[in-house]
Amino acid sequence: MSWQHTTSIYQIYPRSFYDSNGDGIGDLQGIIQKLDYIQQLGFETIWISPFYKSPQDDFGYDIADYYTISPEYGTLQDAEMLIHEVHKRDMKIVFDMVMNHTSNQHHWFLESKKNKTNPKADWYIWRDQPNNWKSIVGPKAWHYCEERKQYYFASFLPFQPDLNYRCPEVKNAMFDVCRFWLSKGVDGFRLDIFNCILKDKDFKNNPFSLWHAIPSEDYPGGNFQIRKYSLNLPENFMLAKELRQVVDEFPDRLLLGEVFGKHELKKKYLGENNDGLHLIFLFDIVMFTFTANFFRKKILEFEQQYPSPYMPTVVFSNHDQLRSIKRIGNKLEKAKLLALLQFTMRAVPTVYNGEEIGMMDGNIAIKDGKDPVAKVYSWVPQFIADRLPVGINRDNCRTPMQWNNTEKNAGFSTADTTWLPVNTTTENRNVAQQQADKNSLLHIFKKLILLRKKWRALHRGDIEIIYTGNKNILAYTRTLEEEKLLVMMNFSNSKISNKINQPIKEIVFSINNITTFDGVLLPYDGVILKI
Ligand code: GLC
């Protein structure tokens with residue numbers, strides 16, 4: 001099995017990770033200084049959110065030049081050094097590639113918007129009259145440009161015009177961007193909103209639906225329409241394959257897609273013969289309820305939809321969502337159980353920086369949000385925003401990484417003000433304290449990553465759900481040839497006795513460090529047993 005299907009990924013939000021030059025903003029040299037930390041945790045791959053040149057209207061997801069680095073993050077030499085330093089530590093590095101749109105400051109757009117005849121006139125999606133397509137975050141997707149006297153289309157926010165992939169030059173230009181970074185040694189790309197990338201060539205209106213007011217994983221965007229003609233088009237699946245061919249010009253690289261939609265559509269990005277993207281994010285698990293039942297169903301669903309040779313992914317947090325710890329009442333004991341699940345399921349795990357210490361969300365009010373999505377929703381009363389299952393001020397999951405509680409700004413930066421305020425919850429939720437405590441969440445992650453690498457059944461074996469008769473217990477086996485492990489987790493706050501019908505050869509792992517196992521699981525305890 002290839003590394004793309006067995007790896008474990010650590011996501012870095014560069015602006016908030018580590019500030020090496022005291023300007024209050026994280027940077028590439030900062031990441032380099034913390035690579036030993038990530039290596040010691042055991043992660044095999046690092047994915048870094050965008051740090052290319054950008055006006056930072058969406059903090060890097062609005063790229064103004066794919067070939068240069070935004071000065072607050074560093075230089076091209078820093079990026080090269082970062083790639084080199086990651087490889088030196090025997091890890092892989094994945095860049096974020098925002099192909100769907102550019103910043104409205106990109107010179108391609110500046111040229112395209114001038115008139116209908118310039119050489120880049122077709123590089124974006126222009127129309128005399130809008131159709132009914134809505135943006136996936138706000139009400140409007142078509143924006144009038146006075147200069148060109150036409151509307152342009154933006155899947156996300158108005159300053160992020162969508163590129164037109166029906167124009168061959170656009171495709172070639174973007175493939176060349178990919179080749180540029182691949183030839184610098186980058187091990188692959190996480191593809192931003194790849195499900196938006198091509199749109200219906202005839203601009204047919206999307207069907208209206210009263211039942212699709214609110215966005216969901218199956219029907220992204222909400223806004224009373226099913227995005228039949230603007231999301232997950234068959235042409236997108238073709239583009240995934242073309243991109244795969246570009247990436248395959250270089251040995252052993254990875255494509256990981258950010259896509260939303262029903263499984264039956266999403267899985268088409270993977271191709272039929274391992275000829276599409278290697279992996280796609282399965283975000284439906286992000287909205288978990290903390291029960292054995294929920295996860296049992298998800299595992300069965302993933303197995304049905306993504307059987308071998310496909311590989312599912314498991315992600316609970318990222319820079320767009322509320323941090324997963326919020327869904328479990330900020331409880332570290334529950335986070336340990338989630339970590340056990342994440343590193344023993346049949347899936348590639350992605351952990352978002354800070355998740356390993358149970359970092360909590362910030363407390364930044366909507367009206368103070370720097371996040372452009374918060375600005376769209378600034379009219380939402382705060383008490384409603386606080387109760388929504390999704391974060392509409394993404395600043396709160398992007399606060400600076402908490403390295404310790406002895407230095408200024410939790411050790412993130414020496415600046416007087418940081419780009420977002422450091423959380424006040426640094427006590428116990430910082431790297432230094434958890435490194436010193438052998439029972440901390442951080443140590444649980446570390447042990448699990450190590451075990452996932454050591455036991456082949458955990459990163460490449462089959463999975464089979466075991467029914468114990470108690471609905472609060474999630475149990476499954478991971479098997480590869482002679483190697484068989486049983487994972488058992490108690491999702492309840494009471495002690496549960498289980499009957500194990502097979503002889504236990506070894507206790508491979510236990511959250512509570514038990515040394516003998518008689519079938520009793522303490523509240524929120526979990527074990528890995530060799531059977
Ligand atoms: C993706 C990114 C998000 C960004 C958006 C537009 O969802 O994860 O941060 O704002 O795309 O690029």
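**View 1. Lining of the second largest cavity in a predicted model.** The second largest cavity is lined by Lys134, Ile136, Phe153, Ser155, Cys196, Lys199, Arg227, Ser230 and Leu231, where a cavity is a set of points, on a 1 Å grid over the protein atoms alone, at which a 1.4 Å probe fits but cannot get out, and lining residues have an atom within 4 Å of a point. About 40 Å³ of space lies in this second largest cavity, a volume being the space filled by probe spheres set on the points, with grid points joined across faces, edges and corners. The model is predicted, with local features needing pLDDT of at least 70 and side-chain atom pairs counting only at pLDDT 80 or more, while totals for chains, interfaces and linings use all residues. Residues are numbered from 1 along each chain as its sequence is written, and side-chain values use heavy atoms, with hydrogens and water left out.

**View 2. The largest cavity.** The search of the whole structure finds two cavities of 30 Å³ or more, and the largest has a volume of about 120 Å³. Of the 15 residues that line this largest cavity, the closest to its centre are Ser324, Ala335, Leu338, Glu355 and Phe445. The elements that give two or more residues to this lining are α10 (324–327), α11 (332–344) and α15 (441–454), and α11 gives the most, with four residues; helices (H or I, at least four residues) and strands (E, at least two) are DSSP runs, numbered from the N terminus.

**View 3. The open sheet β6-β8-β7.** Three strands form an open sheet in the order β6-β8-β7, with antiparallel pairing, and two strands are taken to pair if DSSP finds at least two bridges between them. The edge strands, each pairing on one side only, are β6 (126–127) and β7 (142–145). Four bridges join β7 to the antiparallel strand β8 (residues 150–153), and the bridge partner of His143 in β8 is Tyr152.

**View 4. Cysteines without disulfides.** A search of the whole structure finds zero disulfides, a disulfide being a pair of cysteine sulfur atoms within 2.5 Å. For Cys145, which is in no disulfide, the nearest cysteine sulfur is that of Cys167, 18 Å away. Cys145 counts as buried at 8% relative accessibility, and Cys167 is also buried, with a relative accessible area of 6%; buried means under 20% relative accessible area, exposed over 50% and partly exposed in between (1.4 Å probe, protein chains only).

Key. 1 Å grid on protein atoms, 1.4 Å probe; cavity = no way out; pocket = protein on both sides within 12 Å on 5 of 7 lines; lining within 4 Å.
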